[in-house]
Every structure is written in C-alpha cells, then in structure tokens.
Amino acid sequence: MSKNAPTTDQKTDTRLTHAGRDPASFHGFVNPPVVHASTVLFPDTASMAPGASRYVYGRRGTPTTEALEDAVSELEGAAGTKLATSGLNAITLACLSCLKAGDHFLVVDTAYGPTRHLCETLLARLRVETEYYDPTLNGDIRRLFRDTTAAVFTEAPGSLSFEMQDIPAVAAAAREIGAMVLMDNTWATPVYFRPLDHGVDLSIQAGTKYIVGHSDVMIGTVAASERAWPQLQDTHGAMGLHVGPDDVYLALRGLRTLSVRLERHASNALAVADWLAERPQVAAIRYPARADDPGHALWKRDFSGASGLFAFDFVPSVTKAQALAFLDALKLFGLGYSWGGFESLAIPVRLQGIRTATAPDNTRQSVRLHIGLEDPRDIIADLAQALETALG
C-alpha cells in the first residue's frame, strides 16, 4: 500500500485527495500517468499465461483506468468498480450483469428517461420483463415480487420529479428473495450517499456530471458489492468496454475537487430555491433538501448533503408559451441537457405521460435548474429579470 493510500478511518475529503494515487510507483509524480495503450509486451511466454501479469491488453485495464477504478471503489466502499463510456452505458452494464432472459425486473417509475428506453427496447428484446413501481412503495415493494424477480432498480431522488425512495427498505425487501439492487446515485454521488452501505449491490454514477464537473467528458462508473462484483467484472470484459485514457484522466482530476464543488453547488441551489419559493409566479419547489419537500425526512435521515439540481413548478395560470419565454430570457443559464458542470443550466420539464405505474396530476409548467458555481446573487438576478420579462 502506498503511504498516500486512504485508510478506513479517514474522512471523505481525504479519500478524494489521495485515493487512486501512488506517486512512488511513478517516479514521485503526483498524478498517475495517462497511458495510451493497446498492446502489452511480455518478456517471455510464462508471463503471457492467464493471471501471470497485472496488465495484458489495453482494453482490460491500464494504470490510468485502474487509478480511477481504485479511487471510486475507495469512495463507494466497493469490492470493485468498472468504467463505462457514459452514464447510460454504466446503467446498461449494471443491468446486463444481473439479468437474463425470463427475468422480472422492477424499475422505479421515476427513473431517468433513457433507463426506461433501455428497458423497453434492448432488455425487452432479450426477454427481460420490466415492471415499473411507485417510488413510495418502499418496503411494500414485496407485493410485486415474483419467483422470477431478479433485480430492483432504484433512483433517489427521481429524475425530473425529485421524489425520494426509502432505499434501505427497498434493499432489505429485495435481499429476502436474493434479488440484486441497483441504484442510479448520480444526484448525490457517494460523497453524500453511499448506496452499498444501505444494501445496494450496484451503485451507478454518470460521472459525466459531478465527477468530471466541467462539461467536457462523458464517463460512467459502476461500483459493486462483494456478491455483485464477479458478474460485473465478467460482463464488463465480455462487452469489451473501455474508456479512453484522456477521459479517464480528466475524470480522476475532477474527482479531487468533487466535495468542495458539491458544497458550493448545494449552498447556491438552496439559496436560489428559497428565493424562488417566495415568487408569486412559483407554485412549488421540488428539492429534497428543503424542509417543506415531501421527501425531506428520508433525505435528512439517509443523505449527508444535496447537489445543485432541482425543479420548480409555475402557478397554474402560467402557459407553456410563457414558461418557454422565461427560459429564452435567461442570460447566465445555458439551455442544455446534462448537468453537474460548473455552469448553471435550465430545461423545460414535462411530467405528464412519462410514468406508467403512477400518474402525477401535476399539469403545471415546470423547469429543471442546475445551479452552477456562479455567485448566487447573480443567478438570482438572472432569474428575476427572466421572470419579469416573460411574466411581468
């Protein structure tokens, strides 16, 4: 073990600073090298035998990919981590590692839209039956279990709706039948919630968002429990997944400042959400970190912090045209998908017609905001002028 390696009693910020680094192995340089490689040369045939050498081919791992995997495993408390080319690719990898033809797959109704698309296309063609469930079922999810239920997919808070789930209760129920538990934990990251500590088997992150933090790399991570690790490792190899070394390096670099960035994102978001809650044009804020949010109690019990992503609803009198005019009037906010970078972003949100297990009666115009690292006073001023421009 390197003298820089984190120990089990160290705090998150220390782990983020030192995990995945071993300067002594690279002539004292602080960061691991960016290894561009395909072929690995062996000194003799004995070294080519399976298991004889640490590195065998670029696709199967390099010092660069290993550094990020080790760092994420340390942060997640995982038996091992594998990298994917995007968040959705990480979700696909995790699903394929624990599902087969004939399996029943329970997926929370508030899941990320492309996750649903994966279930309804690729997984359906592989004869995996997906059933969506109400996020408020929590431990009562037991009533949906079948003899063929192989896995349960969770996400907290939910995409666009920001509803919370009782992850420990869902995980405990799934363990009773031996089902694997997957969680998309991109919103909180393992800095604020460690899924594996709460019974989850596969913790998924779109590292594109907060790990990278600069809107310039697409990458995903899947961290596994002891029982999920062998199959995840095997599936990753069978799929031939590999992330380019420059992207891995940038993700590792972003990881070092993850905690300090998240603190600023969260404090900015709470200030902005509190301000918006007082506007007469705004009907509701959907952000679990606020005390008036329906999921606040679960968030406060299980999570140690929040990120910069939330949504709000306009009052019923605001039309779609006015909501879009508000977005078009924003100057500091970019209009773009994804989130987690240093900049503030906004998109229109449609909650109707997306879910199938539950039917939200919210027909109001909604907006999702990612609050960046700008000064919150400037962010609020931009929102104020956009409200005035669009709504008067």
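A: D201 is buried, with a relative accessible area of 0%, where buried means under 20%, exposed over 50% and partly exposed in between (1.4 Å probe, protein chains only). This is a predicted model, in which local features need pLDDT of at least 70 and side-chain atom pairs count only at pLDDT 80 or more, while totals for chains, interfaces and linings use all residues. Residues are numbered from 1 along each chain as its sequence is written, and side-chain values use heavy atoms, with hydrogens and water left out.

The partner of D201 is R227, and their side chains meet in a salt bridge at 2.8 Å from N to O; the term stands for a side-chain nitrogen of Lys or Arg within 4 Å of a carboxyl oxygen of Asp or Glu. Because D201 lies in the loop between α7 (189-192) and β6 (202-205), and R227 in the loop between β7 (220-224) and α8 (229-239), the pair ties together parts that are 26 residues apart in sequence. Such helices (H or I, at least four residues) and strands (E, at least two) are DSSP runs, numbered from the N terminus. R227 itself counts as partly exposed, at 35% relative accessibility. Elsewhere, salt bridges that share partners join D109, R116, E163 and R355 into one network.

The structure holds 18 salt bridges, and another of them links E66 with R54, the closest N and O atoms being 2.4 Å apart. Since E66 lies in helix α2 (residues 63-76) and R54 in the loop between α1 (12-18) and α2, this pair ties together parts that are 12 residues apart in sequence. R54 has a relative accessibility of 64% and therefore counts as exposed. A further salt bridge, at 2.8 Å from N to O, is the one in which the side chains of E176 and R142 meet. E176 belongs to helix α6 (residues 167-176) and R142 to the loop between β3 (129-133) and β4 (149-155), so parts that are 34 residues apart in sequence are tied together. E176 counts as exposed at 52% relative accessibility, whereas R142, at 39%, counts as partly exposed.

With F105 in strand β2 (residues 104-108) and F153 in strand β4, the pair ties together parts that are 48 residues apart in sequence, and both F105 and F153 are buried. W187 and Y287 also form an edge-to-face pair, 6.4 Å from centre to centre and with 75° between the planes. W187 lies in the loop between β5 (180-184) and α7, and Y287 in the loop between β8 (282-286) and α11 (296-302), so parts 100 residues apart in sequence are tied together.

Technical notes. Rings of Phe, Tyr and Trp (its six-membered ring) pair if their centres lie within 6.5 Å; planes under 30 degrees apart count as stacked, over 60 as edge-to-face and the rest as tilted.
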